[in-house]
Amino acid sequence: MSPASTIAANQQIVHVPAGDVMLEGNLSLPLDPQGLVLFAHGSGSSRHSPRNRYVAERLNEAKLATLLIDLLTTDEERIDQVTAELRFNIGLLADRLVQATDWLSSFGSTSGLRLGYFKEAALLDLPTR
């Protein structure tokens, strides 16, 4: 399989090398993008999250490219669902975020774009008064 396989006119599934694993992500490139937003997913919410996909689509409409990437592999996610050990491994997650950033800066279609980061905040169930 090539490093990027097209799933829509402006969207690709990409495989980003991160140490000894490949991270999977969805890269969306509008025509003439003015910047790029990287959505980082550690555990729980994934790049398939309807909320994050909705936000990414709105950013694409505003001429911003987006990369929604899972910082854990499918196997790691399964382990983490049982042990909860990887979601708190800040060193691992930070390193993979840096590797995804480096990959974007060297990938032809995104190398010259200004970059911002998006991390979905957890919705809190706060008591009402």
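Aspartate 70 and arginine 47 are both buried, where buried means under 20% relative accessible area, exposed over 50%, and partly exposed in between (1.4 Å probe, protein chains only). Let's start from this pair and work outwards.

A word on the ground rules: this is a predicted model, in which local features need pLDDT of at least 70 and side-chain atom pairs count only at pLDDT 80 or more, while totals for chains, interfaces and linings use all residues. Residues are numbered from 1 along each chain as its sequence is written, and side-chain values use heavy atoms, with hydrogens and water left out.

Aspartate 70 forms a salt bridge with arginine 47, and their closest N and O atoms are 2.7 Å apart. The pair links distant parts of the chain, with aspartate 70 in strand β5 (residues 64–70) and arginine 47 in the loop between β4 and α1, 23 residues apart. Helices (H or I, at least four residues) and strands (E, at least two) are DSSP runs, numbered from the N terminus. A salt bridge here is a side-chain nitrogen of Lys or Arg within 4 Å of a carboxyl oxygen of Asp or Glu, and by this rule the count comes to seven.

Arginine 47 has another partner in glutamate 24, with the closest N and O atoms 2.4 Å apart. Because its relative accessibility is 32%, glutamate 24 counts as partly exposed, whereas arginine 47, at 6%, counts as buried.

Glutamate 57 and arginine 58 also form a salt bridge, at 3.8 Å between the closest N and O atoms. Shared partners join Glu24, Arg47 and Asp70 into one network of salt bridges.

Now to the rings. Rings of Phe, Tyr and Trp (its six-membered ring) pair if their centres lie within 6.5 Å; planes under 30 degrees apart count as stacked, over 60 as edge-to-face and the rest as tilted. The count comes to two aromatic pairs. Phenylalanine 39 and phenylalanine 118 form a tilted one, 4.5 Å centre to centre with 40 degrees between the planes. Phenylalanine 39 lies in strand β4 and phenylalanine 118 in strand β6 (residues 115–118), so the pair ties together parts 79 residues apart in sequence. The rings of tryptophan 103 and phenylalanine 107 have their centres 4.5 Å apart and their planes at 20 degrees, so this pair is stacked. Both tryptophan 103 and phenylalanine 107 are buried.

Finally, confidence: the mean pLDDT (the predictor's confidence in each residue, from 0 to 100) of the protein chain is 85, and 83% of its residues reach 70 or more. Over residues 122–126, pLDDT stays under 50.

Conventions:
Contact means heavy atoms within 4.5 Å.
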